[in-house]
Amino acid sequence: MKYLFGNWKMYLDYKQSVELANSLVQENFENENVELAVFPTALAMKDVTDILQGHFQTGSQDAGHPSKGAYTGMISAEMFKEVGCTYALAGHSERRHIFGETNKDVRAKIESYLDAGLKPVICIGETEQDKDNDKARYRLSKQILRAFEGLDFEDGQILVAYEPVWAIGTGNACLPADAVDRIVFIKSEIAKYSKISVPVLYGGSVNNDNVLSYLTLETIDGILIGSASTKLPEFTNIIKSVLK
Ligand code: PGA
């Protein structure tokens, strides 16, 4: 099984998200070996999930970790589950670097997603500075330690996305061979904490031209696409080329 996920971030508003979902469903992608999912804005989650039912799964881009109560402005994992979500991103680089989410916050989210029955997609990746200072492996191993040490989960419940911060939205994608190298490392680090094998996706400047150079490699279990998944022709072409 390979995974092809589209993170719509805050690129699309409610109306645009619903329009894109309606167009995608009309494509009627035939697919058995690839799990397709999109991560729309929370505002459009219920409608997009309903429209895409039976074709794509949906996931939330983030969720608060308390499940209910006096938490102004938050939406809980349980609330996303209630409207039909399957997945939820935990610790996307933009959450970590723009909103200051720590490894501790990410861990709390992972646990709350699992409690709610959502599958966490744990996003990890080194910054440019880490890379330049030869600290990429250190950064990844720390993020993995905090996410997985003592975590109780079952087979099929968790995915990881390797998204080097320097590759996200920059057009400077990680070379496929380097992504493989990192993903092999990530899998071996996760194996320190769990016997369960966790699929690891690559994300960062993936587009129609380079998607197959990752997805045809055995070690890379899937792709998390940002901006290219928000444009109908490009996302459609990517999906068609992957499903071929
Ligand atoms: P990008 O984003 O494809 O626009 O680089 C990837 C991501 O943030 O998941």
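Author: A polar contact is a pair of N or O atoms within 3.5 Å. The model here is predicted.

Reader: Which other residues place a polar atom by a ligand oxygen?

Author: Glutamate 163 uses a polar side-chain atom, 2.6 Å from an oxygen atom of the ligand. Serine 227 uses a polar backbone atom, at 3.0 Å. Taken alone, the ligand exposes 290 Å², and the protein buries 99% of that.

Reader: Which residues come nearest to the ligand?

Author: There are 13 residues around the ligand, and Lys9, His92, Glu163, Gly169 and Ser205 come nearest.

Reader: Now to α1. How do you know that its span is close to the expected one?

Author: Helix α1 covers residues 14-27, which is 14 residues. From first C-alpha to last, α1 reaches 21 Å. At 1.5 Å a residue, 20 Å is expected.

Reader: Why are the buried residues of α1 said to line one face?

Author: The buried residues are Ser17, Val18, Leu20, Ala21, Leu24 and Val25. Seen down the axis of α1, they fall within an arc of 165°, so they line one face of the helix. Their cover includes α2 (45-52) and α10 (232-243).

Reader: What is exposed on the other side of α1?

Author: Lys15 and Gln26 are exposed there. Exposed means over 50% relative accessible area.

Reader: What happens at the start of α1?

Author: A side-chain oxygen of aspartate 13 reaches to within 3.2 Å of the backbone nitrogen of lysine 15. Just after α1, asparagine 28 takes a positive phi of about 50°.

Notes
Residues numbered from 1 in each chain as written. Predicted model: local features only at pLDDT ≥ 70, side-chain atom pairs only at ≥ 80, totals over all residues. Heavy atoms only, no water. Helix = DSSP H or I, 4+ residues; strand = E, 2+ residues; numbered from the N terminus. Expected span 1.5 Å × (residues − 1). Buried < 20%, exposed > 50% of the residue type's maximum accessible area, 1.4 Å probe, protein only. Arc of directions from axis to C-beta. Contact = heavy atoms within 4.5 Å. Polar contact = N/O pair within 3.5 Å; in protein donor to acceptor, adjacent residues only side chain to side chain. Near = heavy atom within 4 Å. Areas by Shrake-Rupley, 256 points an atom, 1.4 Å probe, with all protein chains shown as cover.
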